[in-house]
Amino acid sequence: MSFVGDIRKILLHLLLLLSFVSAETHNIHADVPPGYESPSYYPTPKGGWIPEWEAAYAKAAVLVANMTLAEKVNLTTGTGIFMGPCVGQTGSALRLGVPKLCLQDGPLGLRNTDHNTAFPAGITVGATFDKKLMYERGVAMAIGGALTIKGVQKAGVIATVKHLVGNEQEIHRMTNVVQRGYSSNIDDRTLHELYLWPFAEAVRAGVGALMMAYNDVNGSTCSHNSLLINGILKDELGFQGLVMSDWFGQIGGVSSALSGLDMAMPGDGPVPLTGTSYWAYELSRSILNGTVPLERLNDMVTRIVATWFQFGQDNDFPEPNFSTNTQAEKGPLYPGAVFSPTGIVNKFVDVQGAHKEIARAIARDGITLVKNEDNLLPLETNASLVVFGEDAGTNPNGINSCADKGCNKGVLTMGWGSGTSRLPYLSTPEEAIKNRSTTAKSYITNRFPWNIQVKPEDIAIVFVNSDSGENYITVERNPGDRSYAGLELWYGGDTLVQEAAKKFSNVVVVVHTVGPTLLEKWIDLPTVKSVLIAHLPGQEAGNAVADILFGDASPSGHLPYTIPKSESDYHPSSALIDKPFEQIQDTFVDGLFVDYRHFQKEGKPVRFPFGYGLSYTSFGFTEATLAAGVRLSQYPPARIPKGTTPVYSHKIPDPSEVAWPKDFTKIWRYLYPYLDNPASIKADSSYTYPKGYQTTPQPDPRAGGSQGGNPALWDIVCTVTVKVKNTGQKPGRSVAQLYVEIPADLAPNTPKLQLRQFEKTSNLVPGQEEVLKMELTRKDLSIWDAVAQDWKAPVDGKGVKLYIGENVEDLHIVQHTITSKTMQGFNMGRYVPPDHEGVVSGNQLAGKHALGSRARNLQKTGELTVRFEMPFPIWCSTCKPAESVIIGQGVRFNALKKKVGNYYSTPIYSFRMKHSVCGGWIEIRTDPQHTEYVVTEGARRKVIAEIGKGEYEETSTGAGEIRVRMPGNNEENKTLDPFAALEGKVIDKNKYMTEKMRMEELLRRQDRDWEDPYERSRKLRRAFRADRKKREATQSETEALKDKFSLGVDLLDETEGDRIRAGVVEFGQGDNQTDFSLSLPSSLRIKPLFGGPNHNKQEIRTKPGQQKKRKKVRDVAAEKKALLQQDLRGNTRAAIDPFLLMDETMWQQLPGITKRKKSNKVINEISIESREEGHSDGARKSKGAAEGNGGLPSNECLGKSSDSLPRTPSDVQKARKPLVAGLVDYGSESD
């Protein structure tokens, strides 16, 4: 379709429906029925607390913390319709490496592109009942850019699940100038058990994005529904990705941001292509004036960037190489701007690969055989065939001539709307049949030819269809829904079949349909022998149906819906509602009873039941088993609290961050985050917030705890296995469907049967068997308790029944009841009183061990009776004659297992067993060091030669024995003992766990202490005030003392340790040592600070003529020394703490201490020795205390200038860092 055609489509379908939506229109809605209200839920829960997303959020937090306001807003808002290559694109933050994000439809192939694969639609995939094909389709489509979940996201494409929720009819879903979109009124239980269920599974699978629906839910528009987005999706289900609006589904700015919307698509406001927006520059304004909290914007951007990181799109992820606006190679880069720069917009990259094989397999395996009388199918290739119906051919105007498949011409490959894909080619049924049969004729018309000549052997194959699509396109008077055609076949399909049935004795009908279609007008006609429901097959439509018609494969599809006998058999609430000038209240009064649940409740017969599907062969279901899993309590275990989330500054950004850049070239109609005069914006308190709005986080919902809800919901409660055997004459595949009946007394209005699991066999040849395994989770057996707001299950599965079969009305194995007896793994049949539920087990209450009599000696001797299998052959030493009896490998004994030691932390176990032949005891022990068993008593290992300690090699092997080559004694085995390496890891882990528990305990105490922050703060302030007064008084005393003695150092408070140390300091060889100092340990009575002549490190040698002069100098020096001693007594601790050092060479002056100037008459020179404190690298310090490295260079003068002293408190702290670096030697004889 040309760009002009696109503009026409926008004008006709979007402007007329969405334009001029005023605030008054938003508020025009009828009151919802009682009990269907949607209470508010604020604020939006932050993302990033799920472990699987922690790494992505950590990366995102770094980027977001450095983003400007303009960059943040840019990533949340689309750039406008037709403003890029994709159907939607955001702005970018290129400064930080985040490009524009491309959003493109692709449920079955990349929309409006070429060289990609058009896969079968989702309804066809469901009909395959094949989990492997479902996954492979997603993987293959990801390469072409489509959207599924696990398969898609494996290739780095962000999958989007849509539409949340209640979009159950197309007409009147969108709000427009005259009408607000209808309100789907759904009760809480029905929402959780039915409509929300697939979304919860998608969230659990880790889906990256979610799109909101157009309609209201319980009176609140989905894209503004705070309970739906904030409460259920982001809080209860723990969704970590981004939430976007549907295209033009946003109808408000501040309200949608507060309600949890993260991205607005395509960004336009009420009138597209006018440059207006609810967000973009308006969101910038709302942040600056405070109406939208900055915290909310930060979470929006973090979710978007974290999703980008989560799927690796930061690692060279390719940019779009296509244009959704044109098929030409070159074109406008921004078509919506009209006046736009041009460039290459399509690179025609072929991404099909071998995807057509997967597409064909899905289309083929989804085809459902519902009738095959006289085994008419499969056909012989030489059969005389006549093909009828336009649905067997192609669109005469071209396979892609209708934009978004907005017509029904030729074979129906897919519905119409935004979820379609261009066909790279089309295999038509007519072409595929003629490729197999040389006799086939065709009449590609919906009118039966009046002059046709029919032979008895002729077989008619009639192709008919029923179509539907999206509301913005109307086809044959059907505006999306089949409101005009109903469930009837289109273009007179019923008449075509009836006319063929009159002429031909054998008729095959192939129906391509979007869903349930009425077949009653011809299904019972005797000549209509076979009927195939081929659903929506995609590009391989012809090849797939030919594979089934000619028996290349046996049909294995099953109906994913019920085919009724009459449209009136459905519940009245399922009918379409058409009221064009008022808000429609679509109340889901049928509750859980939808499709087969409804028909079973009402007891109405159907044409073909849910899950129905025939095969060319037959199957038998036998030997169903039930294995217990996790015990089923009434409610799941308590959830774990949320983890931490990114934290940012709350400061409002500078308005200049959203001012228009200088010399910026604007694109007309393009949406930007910039404002003309942002500095003029002031705080605005006039905004009226929604009722119930708050900024205090809500309590964690009890049903949450991880992605999809409480992780315990997916605990495996039981595992069901069933053996399926091909009992027919042809190869084929069968599907086992597992239905659950939940006891009616658990909750009223519970459907009798609900499909909870299914599995499909491989292609079984006749006589071949296969065992299928199906697991049931806690959620599968639970109902939603709307009062408790949690999932409730029957305790121990009491009253639950399981049914296995091939459809909901053909159940081969029925009433397999889950009870405590059949599932002893739950509680071993022991009763636990309600007040002990979840606290103790039944065995503990009964005083018994879970292992029963096997553990009778466990408490006394530590022995546990186990089944032991002999690991190698041994000779019994007790049998007579000795070693005449061999015990072979694999022989089993009842052995007494006991722990007898450890190798590091790995236990060594002993296994003692009695040989029944001689009654002798045999003991075998484990040898963890050599990963071997060792015979220690009563036997000898057979014919083995010892090579090294603990290392063995078998030299002979008897019948039935396993030959094992043990490692020999060679150099390459002399590696580090892995148990020793493991031991270190175990110790580290235990240490980590201990420290973690301690930290958690400290955090709990902190939370407890600060439970009332005001009271705690008041007590702290009172204590601080008292302490401050005390400090001020002490400081005054200290300053007075410093002034009195002219001290140049800071004085520390006297402590008991100071008084003890002062008592042990000797200043010379005095004889008045106190009794106190003598009573101290010798380790404390160290060499005096100012010692006698023997204190010198080396003796000073002098000449005889100098003795007299030296003596006089010593006397004067002694006098001066006494003065210095007196000065140092009170200050010693302020400089150094020498009293625990035993090495006199460790004394060294510390920073901040200056030596008193000496008289030239007394002392000419003072020799100072210093010793550096030992560093790890052995290097000596080379900088002074003023540089903060805690020491002076050796031989530096004590009379250092004041410039070298610490100048700031931090310098002082650095100078004090070494506790003791050494002592100054003042005791030299040279003094």
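1. Let's start with a pair of helices. Helix 14 and helix 17 pass each other in a right-handed crossing. Keep in mind as you look that this is a predicted model.

2. Where do you find these two? Helix 14 covers residues 355-366 and helix 17 covers residues 541-549. Their axes come within 8 Å and cross at roughly 50°.

3. Which residues do the touching here? On the helix 14 side, look for Arg 360, Ala 363 and Arg 364. They meet Asn 543, Ala 544, Asp 547 and Ile 548 of helix 17. Sort the residues of this contact by type and you get 3 nonpolar, 1 polar and 3 charged.

4. Now move to helix 13, which runs through residues 294-310 and has 17 residues. From its first C-alpha to its last it reaches 24 Å, close to the 24 Å expected at 1.5 Å a residue. Is helix 13 mostly covered or mostly open? Mostly covered: 15 of its 17 residues are buried. After helix 13 comes Gly 312, with a positive phi near 70°.

5. Helix 13 has a crossing partner, helix 4 (residues 69-76). The two axes come within 9 Å, at a crossing angle of roughly 60°. Helix 4 and helix 13 are therefore oblique to each other, and their crossing is left-handed.

6. To see this contact for yourself, pick out Leu 69, Lys 72, Val 73, Leu 75 and Thr 76 in helix 4. Facing them in helix 13 are Leu 294, Leu 297, Asn 298, Met 300, Val 301, Ile 304 and Val 305. This contact between helix 4 and helix 13 divides into 9 nonpolar, 2 polar and 1 charged residue.

7. Last stop, a loop. Ala 213 is in the one between strand 5 (209-212) and strand 6 (216-217). Why does Ala 213 count as buried? Because its relative accessibility is 2%, and the cut-off for buried is under 20%.

8. What does Ala 213 touch? Leaving out residues up to four places away in sequence, Ala 213 is in contact with His 163, Leu 164, Val 165, Asn 167, Cys 222 and Ser 223. Check Lys 162 too: it is 51 residues from Ala 213 in sequence, but the two C-alpha atoms are 7.3 Å apart in space.

Terms used
Residues are numbered from 1 along each chain as its sequence is written. This is a predicted model: local features need pLDDT of at least 70, side-chain atom pairs count only at pLDDT 80 or more; totals for chains, interfaces and linings use all residues. Side-chain values use heavy atoms; hydrogens and water are left out. Helices (H or I, at least four residues) and strands (E, at least two) are DSSP runs, numbered from the N terminus. The expected span of a helix is 1.5 Å times one less than its number of residues. Buried means under 20% relative accessible area, exposed over 50%, partly exposed in between (1.4 Å probe, protein chains only). Contact means heavy atoms within 4.5 Å. Axes are lines fitted to C-alpha atoms, for helices over the stretch in contact, and angles run from 0 to 180 degrees between N-to-C directions. Angles under 35 degrees count as roughly parallel, over 145 as roughly antiparallel, 65 to 115 as roughly perpendicular and the rest as oblique. A crossing is left-handed if the near helix is turned anticlockwise from the far one by less than a right angle, and right-handed if clockwise. Ala, Val, Leu, Ile, Met, Phe, Trp, Tyr, Cys and Pro count as nonpolar, Asp, Glu, Lys and Arg as charged, and the others, Gly among them, as polar.
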